[in-house]
Amino acid sequence: MIKGDTEIYGVIGFPVKHSLSPVFQNEAFRSEGINAVYVAFEVKPEDFEEAIRGLRALNIKGVNVTLPYKEAVLKYADITSNDVKVISSANTLKFTSEGIEAYNTDWMGFLRSIKEHTDIKGKNVLVLGAGGASRAILFALQREEANIYLWNRTKSKAQQIAPLFGATVVDMPEDVIHEVDVIVNTTSVGLNENDPPLFNYEKIDEKHVVFDVIYKETELLKTAKLRGAKAIDGLDMLVYQGAESFKIWTGKEPPIKVMKKSVQGI
Ligand code: ATR
């Protein structure tokens, strides 16, 4: 029951109404008997600064930060962990008496999800895209000592970030497709049914593990499956990043099974 002392958490983004985070975070609070609620805050870019200050003033305990604010939020953080600095992006804020603490749990979510399907250590991995999601994944891959190839539509962006993560920039995904064990799509391509493919997906074969951050079966994943490859969508990554946020906020072990179940088939 929501009472006078119920704590408030949420996700701040634009747009954010489609977010699954309220679904599994509220399930987690309920299942653990925590007196808290989690809501979505849709905030326009021109109101962002005011919103961050308002969250603090309203004694909100913590928020997830999603598109397009994961980078913009850094300037309001008082305490940032090293991973946030390297990735230049935060997806979790905790409001404490010391100030605003910023964390990045996206890379943890990715690592946990992919590790359930394959061992990454020392593997050859092709990463598609060079935005915020890509940087979080590159950070995770570097920690696992993967051999990373990086492709981006705008090559200069790939060249800018590659040295930070020890990645090698490639001109075309096809250049290394037969050398890599794992392919990771971090772009939004595939979100819409008629998105043109990033490369010729027919080049995927059964030795590949294909991971897409998008949490539905994209054309990339569909083709990968048809061609005998292992195909992993971004739903577990989403739940796992949220589970890490839950742990940061509450200090409790997240009820992963309950959280996963709550978003299945949504
Ligand atoms: P996110 O935080 O989700 O990573 P972002 O930082 O805006 O979002 O990055 C978007 C990524 O998707 C970029 O790598 C972008 O490529 P560009 O740097 O060339 O813009 C990639 N992307 C978006 N639409 C794309 C498309 N139609 N084809 C290829 N890449 C695309």
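**Exercise 1. Which residues is Lys70 in contact with, leaving aside its neighbours within four places in sequence?**

Step 1. Apply the cut-off: contact means heavy atoms within 4.5 Å.

Step 2. Read off the partners. Lys70 is in contact with Val65, Ser88, Ser89, Ala90, Asn91 and Asp106.

Step 3. Lys70 lies in the loop between strand 3 and strand 4. Helices (H or I, at least four residues) and strands (E, at least two) are DSSP runs, numbered from the N terminus.

Step 4. Look for a polar contact. This is a pair of N or O atoms within 3.5 Å; within protein, one must be able to donate a hydrogen and the other to accept it, and residues adjacent in sequence count only if both atoms are side-chain atoms. The side chains of Lys70 and Asp106 make one, at 2.7 Å.

Two notes on the source. This is a predicted model: local features need pLDDT of at least 70, side-chain atom pairs count only at pLDDT 80 or more, and totals for chains, interfaces and linings use all residues. Residues are numbered from 1 along each chain as its sequence is written, and side-chain values use heavy atoms, with hydrogens and water left out.

**Exercise 2. Is Lys70 buried or exposed?**

Step 1. Set the limits. Buried means under 20% relative accessible area, exposed over 50%, partly exposed in between (1.4 Å probe, protein chains only).

Step 2. Compare. Lys70 has a relative accessible area of 18%, so Lys70 is buried.

**Exercise 3. Describe the setting of Asn64.**

Step 1. Locate the residue. Asn64 is in strand 3 (residues 62-65).

Step 2. Check burial. The relative accessible area of Asn64 is 3%, so Asn64 is buried.

Step 3. Check both faces of strand 3. Gly62 and Asn64 are buried on one side, and Val63 and Val65 are buried on the other.

Step 4. List contacts, leaving aside neighbours within four places in sequence. Among the partners of Asn64 are Gly10, Gln25, Tyr38, Thr92 and Trp249.

**Exercise 4. In what order do the six strands of the open sheet come?**

Step 1. Define pairing: two strands pair if DSSP finds at least two bridges between them.

Step 2. Give the order. The sheet runs 2-1-3-5-6-4, with mixed pairing. Strand 2 (36-42) and strand 4 (79-80) are the edge strands, and each pairs on one side only.

Step 3. Walk through the pairs. Strand 1 (residues 7-13) and strand 2 run parallel, joined by seven bridges. Ile12 stands opposite Phe41 in strand 2. Strand 1 and strand 3 are also parallel, with four bridges. In strand 3, Ile12 has Val65 as its bridge partner. Strand 3 and strand 5 run antiparallel, with three bridges. Here Gly62 stands opposite Lys94.

**Exercise 5. Summarise the chain as a whole.**

Step 1. Count the elements. There are nine helices and 12 strands.

Step 2. Of the 266 residues, 51% count as buried.

Step 3. Among contacts between residues at least 6 apart in sequence, 61% join residues at least 24 apart.
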